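Dear colleague,

Please find below the structure that I am handing over to you. My findings follow directly after it.

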Amino acid sequence: MVYNVLWLQSGGCGGCTMSMLAAEAPDLLTTLEGAGIRFLWHPSLSEATGAEARAIFDDILAGRLPLDAFCVEGALLRGPNGTGKFHILAGTGEPAVDWARRLAAIARHVVAVGTCAAYGGVTAASPNLLDACGLAYEGFYPGGALGASFRSRSGLPVVNIAGCPTHPNWVTETLMLLAAESLSEDDLDPLGRPRFYADHLVHHGCTRNEYYEYKASAREPSDLGCMMEHMGCIGTQAHADCNTRAWNGEGSCTRGGYACIHCTAPEFEEPGHLFLETPKIAGIPVGLPTDMPKAWFVALSSLAKAATPERLARNATSDHVLIPPVTRVPRRS
């Protein structure tokens, strides 16, 4: 069986497609072919343009071509004044948001690829002159272009593969699960994200975890220490498996020296402070680790700082290892 996918790009940068092209072991096309997934049309990857692309859309709407998954990348633009004319789908004379609504109504599954398509993302940042939104959310609030009650023909809500950008495997694995009818509503978290990656925290597998344990903190982007206390990192709250499923086999934001900004969450684009700044009250970070009561955090931090080994304290504010771990000879009984 072939699983037919139509991909529409709306208000965004195309970064999720760029990320998807970096899929490896196997590469994107090998993965799709092996899973029986066929792109009916993708604006960046397909040869069909103009009248040829329009014919594909018409065949889908007429029922001559079955649509298994309708994927949208980028926020839906409803402005100005609800007309959607800020984004006219090329060659059709009609707003892309209208096309999205018609195609979503007949698709077996509807997938938002990236945080913009899921919740509005960077495209919907204040003052949101474009009246941008996600497919089924506006920030944290259900609604969006399709409405809070939307369900695809399969009965599923919009599947929100949130991320800015998405990891290529989040996209391909979601499509493979959908194609195999192996993704149920219980497999989505409260914000519609697939649990196989959203039930993890970026903190899991972070290479800076030893520094975090002792609250040995970085103060500059090039420092080796934990970036939570001073550098704005919220990897202890961010839902994603970025450090256990690294990009290109080895990369992530925190491994590259940049704080996690929780790009898989609604409204991450407007944290109310600089991304590389940790808001504090009385010296205590406002955004505490998930499930951590404030009193426990204060007590743990005080003990951890008092017990910080000199190695970690000095290495934390350096761009290279100053003091390596001690080599110990194991005791023999």
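The C-alpha centres of domain 1 and domain 2 lie 32 Å apart. Domain 1 covers residues 3-199 and domain 2 covers residues 202-321 of the protein chain, with bounds taken from an automatic or database domain assignment. Across the boundary, 29 residues of domain 1 are in contact with 18 residues of domain 2 (contact means heavy atoms within 4.5 Å). About 1800 Å² is buried between domain 1 and domain 2, and carbon and sulfur atoms give 56% of this area; buried area is the accessible area (1.4 Å probe) that two parts lose on being put together, summed over both. On the domain 1 side, His167, Trp170 and Arg193 supply 25% of the area buried against domain 2, more than any other three residues.

Please note that this is a predicted model, in which local features need pLDDT of at least 70 and side-chain atom pairs count only at pLDDT 80 or more, while totals for chains, interfaces and linings use all residues. Residues are numbered from 1 along each chain as its sequence is written, and side-chain values use heavy atoms, with hydrogens and water left out.

Turning to the sheet, 5 strands form an open, parallel arrangement in the order 2-1-3-7-11. Strands (E, at least two residues) and helices (H or I, at least four) are DSSP runs, numbered from the N terminus, and two strands pair if DSSP finds at least two bridges between them. Strand 2 (37-41) and strand 11 (159-161) stand at the edges with a single partner strand each, so one side of each has no neighbour in the sheet. Neighbouring strands are turned by 25° against each other on average, direction ignored.

Strand 1 pairs with strand 2 in the parallel sense over 4 bridges, and tyrosine 3 has isoleucine 37 in strand 2 as its bridge partner.

Yours sincerely

Conventions. Axes are lines fitted to C-alpha atoms, for helices over the stretch in contact, and angles run from 0 to 180 degrees between N-to-C directions.
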